[in-house]
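The following exercises are to be worked with the sequence and the model at hand. Each task is followed by a solution in steps.

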Amino acid sequence: MDPLPMFPLNTVLLPAMPLALRIFEERYRIMLGRLLDEEEPEFGVVLIARGSEAGGTDVRHDIGTLARIVQVDAGSGDLGVLAVGMGRVRVIEWLTDDPYPRARVEPLPELTYKDELGALLGETEGTVRRVLARAAEYGAAVWAGDVDLDEEPVTAAWQLAAIAPLGAQDRLGLLTAASLGELLQRTLDLTIAAEPVLTAAAPPDEMDAAIRDLLANEDEDEA
């Protein structure tokens with residue numbers, strides 16, 4: 001496989017999910033210009049382990065996702081890029097950033113669906129939606145609990161992993177799943193573990209209501 005242009009980021013792109021970028025560094029402008037000459041412009045996205053996105057002094061993880069560009073918009077001083085996650089890749093060798101990051105990669109196996117995973121898929125979806133709805137009450141949700149999912153099971157599983165209220169390191173772990181069952185089970189377990197953290201403090205309106213109820217009960221007791 002030819003060297004693949006790479007975009008190290010402070011986020012994890014999962015398959016089937018959108019990625020919006022603002023391109024302002026000259027090295028990525030050059031990369032984008034070359035990619036747009038291709039019929040299917042694609043680049044790799046990996047999570048930065050240490051360092052920042054700008055400047056090129058970062059340390060990178062070696063598991064990532066192939067991203068395909070679907071739209072480019074010119075803004076004032078920068079370029080807007082919309083891409084979508086495709087398959088997973090593993091970096092075999094990082095090449096010199098000349099003038100932008102590049103690597104030799106190999107594809108990771110596609111996950112496959114089996115009918116016996118239906119119950120686990122349903123449980124994972126129900127749990128993710130429930131925790132998202134609860135997190136929204138505390139202002140801690142990025143995705144709505146009623147977001148639509150694809151009808152295709154593997155795509156839906158990746159979407160659930162992406163909308164679950166998890167951090168970048170957890171999502172990176174999900175990206176390495178060896179099977180669809182593992183992806184679903186780990187998404188389920190991590191979401192359940194995250195729920196107490198997301199709902200650790202009561203929202204102000206609920207706290208106010210609880211205080212009013214407590215005072216009302218005290219008044220009744222004194223009477």
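A residue is called buried when its relative accessible area is under 20%, exposed when it is over 50%, and partly exposed in between (1.4 Å probe, protein chains only). The model is a predicted one, in which local features need pLDDT of at least 70 and side-chain atom pairs count only at pLDDT 80 or more, while totals for chains, interfaces and linings use all residues. Residues are numbered from 1 along each chain as its sequence is written, and side-chain values use heavy atoms, with hydrogens and water left out.

**Exercise 1. Describe the chain as a whole.**

Step 1. Of the 223 residues, 42% count as buried.

Step 2. Helices (H or I, at least four residues) and strands (E, at least two) are DSSP runs numbered from the N terminus. The chain has 6 helices and 6 strands, and their order along the sequence is β-β-α-β-β-β-β-α-α-α-α-α.

Step 3. Contact means heavy atoms within 4.5 Å. Among contacts between residues at least 6 apart in sequence, 65% join residues at least 24 apart.

**Exercise 2. Identify the nonpolar cores and examine Leu21.**

Step 1. A nonpolar core is a set of buried Ala, Val, Leu, Ile, Met, Phe, Trp, Tyr and Cys residues joined through side-chain atoms within 4.5 Å.

Step 2. The largest such core has 52 residues; those touching the most other members are Phe7, Leu14, Leu21, Phe43, Leu180 and Leu183. Helix H3 (residues 153-163) supplies the largest share of this core, 7 residues.

Step 3. A second, separate core has 8 residues, including Leu66, Val89, Val91 and Ala103.

Step 4. Apart from neighbours within four places in sequence, Leu21 is in contact with Phe7, Leu9, Phe43, Leu79, Gly80 and Val81.

**Exercise 3. Determine the surroundings of Thr187.**

Step 1. Thr187 belongs to helix H5 (residues 180-198).

Step 2. Is Thr187 buried or exposed? Its relative accessible area is 1%, so Thr187 is buried.

Step 3. A polar atom of the Thr187 side chain lies 2.7 Å from the backbone oxygen of Leu183.

Step 4. With neighbours within four places in sequence set aside, Thr187 is in contact with Thr124, Val128, Leu160, Ala161, Ala164 and Leu174.

Notes: Polar contact = N/O pair within 3.5 Å; in protein donor to acceptor, adjacent residues only side chain to side chain.
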